Each structure stands twice: as C-alpha cells, then as structure tokens.
Amino acid sequence: MICPVKEKIILGIDPGTNIMGYGVLKVTGTKPEVLSLGVIDLRRCSDSYLKLKHIYERVQGIISSYLPDELAIEAPFFGKNVQSMLKLGRAQGVAIVAALCRDIPVTEYAPLKIKMAITGNGQATKEQVADMLKRMLRIPDSEIGPFMDATDALGAAYCHYLQMGRPAIQQKYSSWKDYIAKNPEKVK
C-alpha cells in the first residue's frame with residue numbers, strides 16, 4: 001500500500017556518458033503524474049571532463065526548475081568493459097553530487113528492480129518498460145522522444161514512487177547475543 005502524501009516530486013535519472021535520461025514525477029496523494037521527461041545529450045562534447053561539468057550543470061538546472069524532494073537513480077550494471085563502467089560511474093556520481101549539494105536524498109535502484117517493479121519481469125526490454133510507463137502514466141506518444149533513456153529515468157522515479165510507504169525491512173539477527181549487541185538501549 002502506497003502511503004498518500006500531500007505532494008512529492010521525484011527526479012529519476014538514467015546515467016549515461018553520451019545520453020543521460022531524466023524524468024520528473026509529481027505525486028499528489030497516491031496519484032503520480034509526469035511533469036517532465038527528456039535527455040541530456042552529451043554526444044557533441046568530446047572531452048570527458050567537460051561532459052561531467054555539463055552533467056552537473058544540467059542536473060542542477062533540472063533541480064532548480066522542478067525542486068524535487070528525492071532523487072531515484074539507476075545503478076550501473078556490471079559489464080565486461082572496465083573503461084565504460086568507470087565513465088558511467090563518474091557520470092552517476094556527478095548526478096548524485098548535484099542532488100546532494102541541494103540536500104536531496106538519493107536512492108539507487110538496480111535495473112532489474114526497476115524493470116520488475118514496472119513490468120513484473122526483470123528481463124524486460126527498454127521498449128517494454130517504456131510501453132508500460134506510457135500506459136500507466138498516460139503519456140502521449142508525442143512526449144516520448146527517440147531515446148529510451150528518458151523513459152528509463154522515469155522508470156527509476158516510478159519504481160521509487162512504488163516503494164513509498166513500504167515498511168523498512170527488519171534488521172536480521174544471528175543470535176540473541178547479536179540482538180543485544182545491536183540494541184543495547186532495549187536491554188536493562
């Protein structure tokens with residue numbers, strides 16, 4: 001059960017070094033609505049450090065425009081190309097720092113979790129995720145651009161919305177001794 005909120009704005013980001021997607025979701029009560037959907041196109045910038053600067057500036061601009069309460073960001077998947085992973089991790093880190101500099105809490109979601117939350121299938125394609133989001137959030141085809149990175153970002157925000165109000169997972173203990181060690185204030 002999703003707990004109703006007066007209003008919450010969630011910024012979702014799908015990190016990338018060539019195309020970075022973003023989606024802004026506004027939740028009123030328990031009803032989500034798309035405020036914005038787009039990409040940060042970094043393909044024209046050949047200097048990798050200038051790309052990071054551009055990511056920071058654009059994410060800060062999106063934050064200034066929509067004033068999100070929380071950031072949901074897709075975690076990089078582990079591939080075989082170490083250099084690609086390093087670049088992607090830097091891009092993700094810069095986006096996270098842009099949010100943290102504005103005191104916006106950050107939650108990271110694995111791609112599998114996002115796909116599972118939206119389609120019920122952790123192996124869903126980008127097209128399947130985009131199609132489900134279009135139907136659930138009533139997004140017109142005209143608002144869906146040529147890059148699936150924007151809908152992937154919106155997927156991170158929507159996954160975060162679905163997590164609202166879920167109780168925190170109880171801490172696991174291996175023994176009574178472990179429980180006492182982790183909760184000394186509960187023992188007299």
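Asp131 and Arg135 sit four residues apart in helix α4, about one turn of the helix. They are a handy way into this predicted model, in which local features need pLDDT of at least 70, side-chain atom pairs count only at pLDDT 80 or more, and totals for chains, interfaces and linings use all residues. Residues are numbered from 1 along each chain as its sequence is written, and side-chain values use heavy atoms, with hydrogens and water left out. Here is a tour by topic.

**Overall build**

- The chain holds six helices and five strands; helices (H or I, at least four residues) and strands (E, at least two) are DSSP runs, numbered from the N terminus.
- Reading from the N terminus, the order of elements is β-β-β-α-β-α-β-α-α-α-α.
- The C-alpha trace of the chain spans about 65 × 40 × 35 Å along its principal axes.
- Of the 188 residues in the chain, 41% are buried; buried means under 20% relative accessible area, exposed means over 50%, and partly exposed is in between (1.4 Å probe, protein chains only).
- Among contacts in the chain with a separation of 6 or more, 62% come from residues 24 or more positions apart, where contact means heavy atoms within 4.5 Å.

**Surface and charge**

- A nonpolar surface patch is formed by Trp176, Ile180 and Val187, which together have about 340 Å² of accessible area.
- Patches are made of residues with over 30% relative accessible area and no salt bridge: like charges are joined within 9 Å, and nonpolar side chains (Val, Leu, Ile, Met, Phe, Trp, Tyr) within 5 Å.
- Ile180, one of the patch residues, belongs to helix α6 (residues 176-182) and is partly exposed because its relative accessible area is 41%.

**Salt bridges**

- Side chains of opposite charge can pair when their charged atoms come close.
- The count comes to seven salt bridges, each being a side-chain nitrogen of Lys or Arg within 4 Å of a carboxyl oxygen of Asp or Glu.
- One of them joins the side chains of Lys26 and Glu7 (3.4 Å, N to O). Lys26 is in strand β2 (residues 19-29) and Glu7 in strand β1 (residues 5-14), so this pair ties together parts that are 19 residues apart in sequence.
- Both partners count as partly exposed: Lys26 has a relative accessible area of 22%, and Glu7 is at 44% relative accessibility.
- Back in helix α4, Asp131 and Arg135 form a salt bridge whose closest N and O atoms are 2.6 Å apart. Asp131 is partly exposed at 32% relative accessibility, whereas Arg135 is exposed at 56%.
- Asp41 and Arg43 also meet through their side chains in a salt bridge (2.7 Å, N to O), and Asp41 counts as partly exposed because its relative accessibility is 35%.

**A buried threonine**

- Thr151 is part of helix α5 (residues 149-163), and it counts as buried because its relative accessibility is 2%.
- Leaving out residues up to four places away in sequence, Thr151 touches Leu37, Ala130, Leu133 and Ile144.

**Loop residues to look up**

- Asp103 is not a glycine, yet has a positive phi of about 60°. Its place is the loop between α2 (82-100) and β5 (106-109), and at 71% relative accessibility Asp103 counts as exposed.
- Arg138, also not a glycine, has a positive phi of about 55°. The loop between α4 (126-137) and α5 holds Arg138, which is exposed at 72% relative accessibility.
- Arg44 is in the loop between β3 (31-41) and α1 (48-66), and is exposed with a relative accessible area of 85%.
- Arg44 and Asn18 are 26 residues apart along the chain, and their C-alpha atoms are separated by 8.5 Å.

Notes
Accessible areas come from the Shrake-Rupley method with a 1.4 Å probe; for residues, only the protein chains shown count as cover.
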